[in-house]
Amino acid sequence: MLLSVNVFVSLDGIMQGPGAPDEDRSGGFDRGGWLVPHASVHTNEVVEGWFREADAFLFGRTSYGLLGGYWTKVTAPGDLIATKLNTLPKYVVSKTLTDQEADWSPTTVLRTDIVDDVRRLKELPGKELQVHGSWKLVQALHQAGLVDLYRLLQYPVVVGTGKRLFPDGSTFATFAASDGSARELPGGVVSLTLTPTTLGVISAGAYTVERGRSTTVLD
């Protein structure tokens, strides 16, 4: 399976608490729910497209609890997201969560080396092992070079504080977007699908003037 990270981000890269004021107040965050005024049928269609590719899910403990507490209550027939989340295999990374507490069936708790565990999961048959939310887990997966695909919905909002998808100190990287993978939706929301191309290496260059002409010089 490919490992994909699927997240909502603001213009300043914040991914914390997009869906409700009390979704994630850690660190004193008080700007939750910033996504909701910009949600639309168009953004819903994009997110449903993400979930169509899922054959399993990987969560950090906090996102597992938040999503499980919400989507287990969605029982409307034909809801694609609820059906996928409530029926497909789920893996949650936690050293403290008990099997009894991990009752969003079917769930397996991963308690050992997350890097080795995820490498094993990626060897299983299927289309995608998807991560949604799970900020701390995403950082670990990025540092280990395990992410095959990033899907972002970027909203026209500057939140100003909170957990950023790539915080200071992240391993530097470059990405490529395939043709047609970037879309501007009505309302200024941008859908991006990015594939990592390098990790720990970035190219650099400079603008110089040669013979009176502005010239680009790459390393």
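Arg 211 is exposed, with a relative accessible area of 88%, where exposed means over 50% relative accessible area, buried under 20% and partly exposed in between, with a 1.4 Å probe and protein chains only. Arg 211 is found in the loop between β10 (205-210) and β11 (213-218), helices (H or I, at least four residues) and strands (E, at least two) being DSSP runs numbered from the N terminus. Although Arg 211 is not a glycine, its phi is positive, at about 55 degrees. The model is a predicted one, in which local features need pLDDT of at least 70 and side-chain atom pairs count only at pLDDT 80 or more, while totals for chains, interfaces and linings use all residues. Residues are numbered from 1 along each chain as its sequence is written, and side-chain values use heavy atoms, with hydrogens and water left out.

A positive phi, of about 60 degrees, is also found at Ser 134, which is not a glycine. Ser 134 lies in the loop between β5 (128-132) and α5 (135-143), and Ser 134 is buried, with a relative accessible area of 5%. Within helix α5 lies Gln 139, a buried residue with a relative accessible area of 14%. The side chain of Gln 139 reaches the backbone oxygen of Trp 135 at 2.9 Å, which is a polar contact (a pair of N or O atoms within 3.5 Å; within protein, one must be able to donate a hydrogen and the other to accept it, and residues adjacent in sequence count only if both atoms are side-chain atoms). Leaving aside residues up to four places away in sequence, Gln 139 touches Arg 164, Leu 165, Pro 167 and Ser 170, contact meaning heavy atoms within 4.5 Å.

In helix α3 (residues 80-87), the residues Ile 81, Ala 82, Lys 84 and Leu 85 are buried. Seen down the axis of α3, its buried residues fall within an arc of 165 degrees, so they line one face of the helix, the arc being that of the directions from the helix axis to the C-beta atoms. These buried residues of α3 pack against α1 (41-52), β2 (54-60), α2 (61-71) and β3 (90-93). The N-terminal end of α3 is capped by Asp 79, a side-chain oxygen of which lies 3.2 Å from the backbone nitrogen of Ile 81.

A search of the whole structure finds twelve aromatic pairs, in which rings of Phe, Tyr and Trp (its six-membered ring) have centres within 6.5 Å, and planes under 30 degrees apart count as stacked, over 60 as edge-to-face and the rest as tilted. The rings of Phe 51 and Phe 57 have centres 5.8 Å apart and planes at 45 degrees, so this pair is tilted; both Phe 51 and Phe 57 are buried. The rings of Tyr 70 and Trp 71, by contrast, have centres 5.1 Å apart and planes at 75 degrees, so the pair is edge-to-face. Tyr 70 counts as exposed at 51% relative accessibility, whereas Trp 71 is buried, with a relative accessible area of 16%.

Ring pairs also link Phe 51, Phe 57, Phe 59, Tyr 64 and Trp 104 into a cluster. Over the face of Trp 104 lies Lys 90, at 5.0 Å from the ring centre, a charge being counted over a ring if NZ of Lys or CZ of Arg is within 6 Å of the ring centre and within 35 degrees of the ring normal.
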